[in-house]
Amino acid sequence: MKLLIGIPIRGTVTTDWALSLATLAKPSGMTVDMRQIHGAPIDHMRNDLVRAAILEGYDYLFMNDDDTCVPERGLIQLLSRKLDVVSGLYARRYLPIEPVMYVETETHRERITDYAIGELLTVDYTGVGCLLLSKKVLAAVSYPWFKWTAHDKIGRASCRERV
């Protein structure tokens, strides 16, 4: 089994982030490689990481954004779920500080705020800063896997990502 940790870099990283990456526990029995990419729009960087994961035969791609600190056992916990798509719980960077997870209703996208730490939830949208994707999902979705749009169908600024 092979796993690629894909890191889109948008600027200078913090010491806290660098330490979280350095101490991230790797799963035993799995080949783990890291690749950083920078100097392009976020969706282009994500697409390049997906392309690399597919072409180089990785079983999983773990996206770790340059502003998302992952707990030491975070990657192992995501892998233990044995899901094709699973995200760690993390909050957005601006007020109000709330988790990046949503469900779609008939009229709007609603933020999920009622949850317990460690609980597995089904969501319609989540952030990509701490996201594990299996090769099954990567192969099932066509290019572009990620696409930034200025506005989604309900008229709010968003990053509409296809995975």
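Okay, let's start with helix α1: its buried residues pack against β1 (2-9), β2 (31-38) and β3 (60-64). Packing here is contact, so heavy atoms within 4.5 Å, and helices (H or I, at least four residues) and strands (E, at least two) are DSSP runs, numbered from the N terminus.

Quick housekeeping. This is a predicted model, where local features need pLDDT of at least 70 and side-chain atom pairs count only at pLDDT 80 or more, while totals for chains, interfaces and linings use all residues. Residues are numbered from 1 along each chain as its sequence is written, and side-chain values use heavy atoms, with hydrogens and water left out.

So which residues of α1 are buried? In this helix, residues 15-22, they are W17, S20 and L21. Buried means under 20% relative accessible area, exposed over 50% (1.4 Å probe, protein chains only). These three sit on the same side of α1 because they cover an arc of only 100° around the axis, taking directions from the helix axis to the C-beta atoms. Over on the other side, T15, D16 and A22 are exposed.

Now, W17 also touches D65, which lies in the loop between β3 and α3 (74-80). D65 is buried, at 5% relative accessible area. Among its other contacts are R10 and R46.

Note on methods. Lists of a residue's contacts leave out its neighbours within four places in sequence.
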